[in-house]
Amino acid sequence: MAEAKYISNDKLTAWLDELAGKMRVIAPTRQGDAVVFAPYASGQSVELTQEATSPPKSVVFPASEDLLRYDYRKNPENLGQVDVELLPTITPEPTLVFGSRPCGVRGFLIFDRVYDGAIYKDPYYLARREATLFATITCGHAENACFCHSVGSGPGDATGSDLLLTPIGDGFVVESVSDKGSQCLESSLLEAAGGKADEAKAFREKAHQEMGEPQDFGPAQKKLLELFDDMGFWEDVSAKCISCGACTYLCPTCYCFNITDENAGLTGRRVRSWDNCMSFQFTLEASGHNPRPTKAHRLKNRVGHKFSYYPDLHEGIIACCGCGRCIKSCPVSVDIREIVTKAMAHQPPAVEEAAK
Amino acid sequence: MTENPKQSPLAANPYLPEIGTVVETIQETHNIKTFRVVLGSEERMQNFHYEPGQVGQLSVFGIGESTFVINSPPTRKEYLQFSVMRAGEVTTKLHSLSKGDRIGVRAPLGNAFPYESMKGKDIIFIGGGIGMAPLRTLLLFMLDNRKDYGKIRLLYGARSPQDMAFSYELPDWLERKDMETVLTIDREAEGWEHKVGLIPNVLLDMAPKPRKAVAVTCGPPIMIKFTLQALKKLGFKDNQIITTLEKRMKCGVGICGRCNIGTKYVCVDGPVFSYEQLRELPNEL
Ligand SMILES: Cc1cc2nc3c(=O)[nH]c(=O)nc-3n(C[C@H](O)[C@H](O)[C@H](O)COP(=O)(O)OP(=O)(O)OC[C@H]3O[C@@H](n4cnc5c(N)ncnc54)[C@H](O)[C@@H]3O)c2cc1C
Ligand code: SF4
Ligand code: SF4
Ligand code: FES
């Protein structure tokens, strides 16, 4: 399909304004030291050089959203009888996420397999996912926490995106990846890409090569299960962790949630909000029993889920897009790559004994 | 053996409860209350398909949702029965409901007892406390299909006579010729004519034969632990022992990521597991 066009930097704002006339545009915006995805306002400058601090996860999966509203009503015929009415609240809005990196959308490919399941489907997620387009930018320069090439992605990976933008000269080569994406190319502000499309391809290949040799995390699937009962290992790798949860909230592939009610008199809302398996409460049962009582148990689940359990259920696909946000944002520098690497290299003590 | 999603309104929006009405409540013990609930219409009740062992999420809007076994069997469809032990916020609020109150129901969820493969076998039920709830479903289902099963025995234990749920049914179960019922309490109590002693010890006295038999057990973790040892002593193999697991749940449909043990989600792959299956799971109960 890939139709290629070119837009020069001086026309970018006009193009965004045009697109914003048709749908909500979310773009990376500088807020102090951080770059976050925020609604684009006409003429505003967008931050396309620095990788965003948080991924665009909340566009499709809001940090908090209503699942339904409930309304208690007295039955006028019989005042002793109180009825309750439920109103599901699914309100997707056509949205373009402009300027995320390949890892930003790849997170949703991990979500899709769970939220669009064979039996149960999450209509809230799916409605937003369907209404959201991604115009992704090729990464020219990988940061040292990035490892997308080791989990099956890469700096020019367009999987899941609708448009792929590659910086060439004083602008971007804009290529359509999906039919929905092609529609965004119907603008007089864009010109034919000509030979620049080849330059864009070369740019992406170079960016991929510069990331160096990918690491093979495949063996982690079995190895992490073998290490399940080795609490010494898990206590060691989680020693620094302070259970703050930053790693999960900033992760494009973390999808766990909580459901709570917010009551306001006779009406209220049932709310879904992001939850975090690094917190003690996540698995705490009413009896007081907690199957994951320590941070070592909980980190084991986070790493195990991404590199072992999910791949086991989903054709070997690792539930991590290699964006490195959990590494960059961890206040005590816990590094998930190091944990998985260490696990893969770990020899059970019994074997070491035998070798002596 | 899970429900047919086409017949479940949950397929369209798994988070949207149906509104049910409490038609009867029974105070079972000081902290267990039973709710009989009917869904929308007569027709809806007749179309509501579930299997023994499946669970539902009950909602009190404004407080929240919690998971409970549907403890009435699908062979008796006038109402859905849930027995709730008071444990925290939602269960306390549930206890304040009475006849005519509305309640949210998301059901059926989870897998079921393998009652097909249990046909022709002798069954021994071993229930402790509120753990009797899931067993009740299967027991009544089997009694309603009596000829499909061999000898049926029930061992039900509680702390004291006052802690025995389903007390109104016990006389019938004790009298029936087509099953054997043994009741036990932890310590002597006035007027108690049945066994006294911990479940695993009484089970060893009963000495059910493992040949062509299946044991179904549910109760507090400590009881399960010693019951398992007793069953092993009697010669039961791991694939002849079935139990149900409890995990904190939210979505109930395998999405929220809360109830996993390694690759298994208790809400969809469970709550019913054999000990053979449990042995395959990572140790995270
Ligand atoms: C498959 C299954 C079947 C069950 N069947 C029954 C039954 O038939 N009768 C009965 O009395 N109890 C049953 N339970 C346990 C019951 O779900 C909990 O006691 C109940 O959720 C406690 O809720 P609460 O709000 O009163 O407690 P709180 O402590 O206030 O709970 C807070 C939150 O934690 C969740 N939660 C806490 N503990 C558990 C737990 N053990 N399991 C699931 N969620 C938990 C609740 O959903 C609630 O959202 C079952 C649990 C499971 C998983
Ligand atoms: S960000 Fe770091 S300290 Fe915080 S929970 Fe994650 S691993 Fe632990
Ligand atoms: S686990 Fe870390 S590196 Fe992997 S996707 Fe999540 S935040 Fe990015
Ligand atoms: S309760 Fe949500 S995944 Fe099991």
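Which side chain makes a polar contact with the side chain of Asp275(A)? The partner is Arg258(B), at 2.7 Å. This is a predicted model.

Asp275(A) sits in a loop of chain A, between strand 12 (267-274) and helix 10 (295-313). Is Asp275(A) buried or exposed? Its relative accessible area is 16%. Buried means under 20%, so Asp275(A) counts as buried.

Look at what Asp275(A) touches. Leaving aside neighbours within four places in sequence, its contacts are Thr248(A), Tyr249(A), Cys256(A), Phe257(A), Asn258(A), Phe282(A) and Arg258(B).

Cys256(A) is on that list. This residue also lies in a loop of chain A, here between helix 9 (246-249) and strand 11 (257-264). Its relative accessibility is 12%, so Cys256(A) is buried. Residues up to four places away in sequence are again not counted. Cys256(A) then touches Phe61(A), Trp274(A), Asp275(A) and Phe282(A) in chain A, plus Cys256(B) and Gly257(B) in chain B.

Pro88(A) gives a distance to compare with the sequence. Along the chain, Cys256(A) and Pro88(A) are 168 residues apart. Their C-alpha atoms are separated by 20 Å.

## Ligand 1

Which chains surround ligand 1? Residues from chains A and B do, so the site is shared between chains. There are 24 residues around the ligand. Those that come nearest are Ala286(A), Thr67(B), Ser83(B), Met85(B) and Thr91(B). By type, the shell holds 12 nonpolar, five polar and seven charged residues.

| Residue | Atom of the residue | Atom of ligand 1 | Distance |
|---|---|---|---|
| Glu65(B) | backbone N or O | oxygen | 3.2 Å |
| Glu246(B) | polar side-chain atom | nitrogen | 2.8 Å |
| Lys250(B) | polar side-chain atom | oxygen | 2.9 Å |

Taken alone, ligand 1 exposes 830 Å². The protein buries 88% of that area.

Which elements of chain B each supply at least two residues of this shell? They are strand 4, strand 5 (80-85) and helix 2 (89-95). Strand 4 of chain B gives the most, with five residues.

## Strand 4 of chain B

Strand 4 covers residues 64-69 of chain B. Five of its six residues are buried, so the strand is largely enclosed by the rest of the structure. Its partner here is strand 3 (residues 55-60) of chain B. The two run antiparallel, joined by six bridges. One bridge pairs Gln57(B) with Thr67(B). Thr67(B) is also one of the residues that come nearest to ligand 1.

Strands 3 and 4 of chain B form a hairpin with three residues between the strands. Gly62(B) takes a positive phi there, near 105 degrees.

## A hairpin in chain A

Chain A has a hairpin of its own, made of strand 2 and strand 3. Strand 2 (residues 24-31) and strand 3 (residues 34-39) pair in the antiparallel sense over six bridges. Pro28(A) has Phe37(A) as its bridge partner.

## An open sheet in chain B

Seven strands of chain B form an open sheet. Their order is 10-9-8-7-11-12-15, and the pairing is mixed. Which strands stand at the edges? Strand 10 (195-196) and strand 15 (272-274) do. Each has a single partner strand, so one side of each is left without a neighbour in the sheet.

In one bridge, Ile185(B) pairs with Val196(B).

Ligand 3 is surrounded by residues of chain A, including Phe147(A), Pro252(A), Lys306(A) and Arg325(A). Several cysteines are present too: Cys251(A), Cys320(A), Cys321(A), Cys323(A) and Cys326(A). The shell divides into seven nonpolar, three polar and two charged residues.

Helix 4 of chain A spans residues 123-131. Its buried residues include Pro123(A), Tyr124(A), Tyr125(A), Arg128(A), Arg129(A) and Ala131(A). At the start of this helix, a side-chain oxygen of Asp122(A) reaches to within 3.2 Å of the backbone nitrogen of Tyr124(A).

Terms used: Residues numbered from 1 in each chain as written. Chains lettered and ligands numbered in written order. Predicted model: local features only at pLDDT ≥ 70, side-chain atom pairs only at ≥ 80, totals over all residues. Heavy atoms only, no water. Buried < 20%, exposed > 50% of the residue type's maximum accessible area, 1.4 Å probe, protein only. Helix = DSSP H or I, 4+ residues; strand = E, 2+ residues; numbered from the N terminus. Pairing = 2+ DSSP bridges. Near = heavy atom within 4 Å. Nonpolar A, V, L, I, M, F, W, Y, C, P; charged D, E, K, R; others polar. Polar contact = N/O pair within 3.5 Å; in protein donor to acceptor, adjacent residues only side chain to side chain. Areas by Shrake-Rupley, 256 points an atom, 1.4 Å probe, with all protein chains shown as cover. Contact = heavy atoms within 4.5 Å.
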